[in-house]
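Notebook open. I wanted to look up a few things here, starting with cross-links and then going on to helices.

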Amino acid sequence: MHKRLAIGLLAACLGAGHAWASDARMTDLSERAVALALEENPLLGYLSGLPMSDHSRWPDRSAEAISRIQAREDALLAELRRLEQDDVTQAATKLDHALLTERLEANTGLRVCRHELWDVNHMSGWQMMLPEMAKQQPVGTAAEREQALQRWAVLPAYIDREIANLRAGLQAGYSSPKSVVKRVSGQIDGLAKAAPDKSPLAEPATRADDAAFAQAFRKLIAEQVNPALPRSRAFLDADYLPKAREPLAITANPQGEACYEASLRAYTTLNRSAQQVHDLGAATVAANLAGIQDMGERLYGT
C-alpha cells in the first residue's frame, strides 16, 4: 500500500512539475514575443504603457530587418505549437497561449500583402506616427534627452528608407490608391510648413527643463527633419502618384485577393472567407428587412 501510494505521489509530483515547466515556458514565450514586437515597432511600447530602456531608434523597415523579424516569429510559433495549450495549467498562461498563437498566425498570413512596399496610408502612415512619437518621447533624464536627439537625427534616413521601399513596390506592381496618396501628400505638407518652434515634432523641446537640449532639438528639427519632409512629398507627387493605382480595392495589387483574405482573418480572428462574410451580411440584412415588413403588416397594415 505504502509503495503504491509513494508511486502515485511521485507521478503526481512529476505531472505538476511538467505543468509548472509548461507554464514557465509559456511565460518565456510571451515575454520574448513582447520584446520582438517592441523591436519591430517601438511606438507600441508607448501606446501600451510598457517600460522601455531604448528610446533612440525608429522601426527598421529594411528587407533584411523584416526577414529577421519574420524568422524569429516563425521560431516562436514553432515553439508555441510544440507547447500544447492543454499543457499549461494557469488561466492566464492558457489565455497567453491562445492570444499569441492567434497573433503570430495572423502575422504570418499577412506577409502576402507586402505592406512595406505600399505603405502610403492617411490613417496610420509614418507621417501620422511622427507627432505621436514626439508626444511620447521621454526627456526626463539626461540619458533620455540624448536618446531623443539620436532618434530624431536619423529620421531623414528612416524617411529615405520608406521612399526606397515605395520605389521597389512600384517596380513590383504594388501601390496605394491615388486618392490616399493625395491625402498623405497633404498631411506631409502640413508638417513640413510648420515653423520649428511650433511644429508638433518639436514637442519634446517644450517638455524638457533643459534650455540647451531644447535649442539643440529645435535646431535638429529645422535643419535635418524639416528638409526631409518636402523630399518625401516631392517623391509622392512626381514619381508615385502618376503610377499609383486608381481602384480602391486591394485586389488591384499583386496577390491582392489573398491579402484581403489574410486581412479579414487578422481583423476577425475567424477562418471565414470574404464571400462567406458577404453572404452572411446579405442574408442578415434580408432577414432584418423581412422582419420589419412582417411587423409593419401585422401592426400597421402596411
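I took a disulfide to be a pair of cysteine sulfur atoms within 2.5 Å. This is a predicted model, so I kept local features to pLDDT of at least 70 and side-chain atom pairs to pLDDT 80 or more, while totals for chains, interfaces and linings use all residues. Numbering runs from 1 along each chain as its sequence is written, and side-chain values use heavy atoms, with hydrogens and water left out.

**Disulfide.** My search of the whole structure turned up 1 disulfide. Cys113 is joined to Cys259, S to S 2.1 Å. Cys113 sits in the loop between α4 and α5 (126–136) and Cys259 in helix α11 (residues 256–268), 146 residues apart, so the pair links distant parts of the chain. The link of Cys113 and Cys259 is right-handed, with 105° about the S-S bond.

Buried or exposed? I checked Cys113.

**Helix pair.** I looked at α8 (residues 178–193) against α10 (residues 211–240): they pack at about 160°, axes 9 Å apart. That makes α8 roughly antiparallel to α10 (angles over 145 degrees count as such). For axes I used lines fitted to C-alpha atoms over the stretch in contact, with angles from 0 to 180 degrees between N-to-C directions. Contact means heavy atoms within 4.5 Å; among the residues that meet are Val181, Ile188 and Leu191 in α8, and Leu229, Arg233 and Tyr240 in α10.

Note on methods: Helices (H or I, at least four residues) and strands (E, at least two) are DSSP runs, numbered from the N terminus. Buried means under 20% relative accessible area, exposed over 50%, partly exposed in between (1.4 Å probe, protein chains only). Angles under 35 degrees count as roughly parallel, over 145 as roughly antiparallel, 65 to 115 as roughly perpendicular and the rest as oblique.
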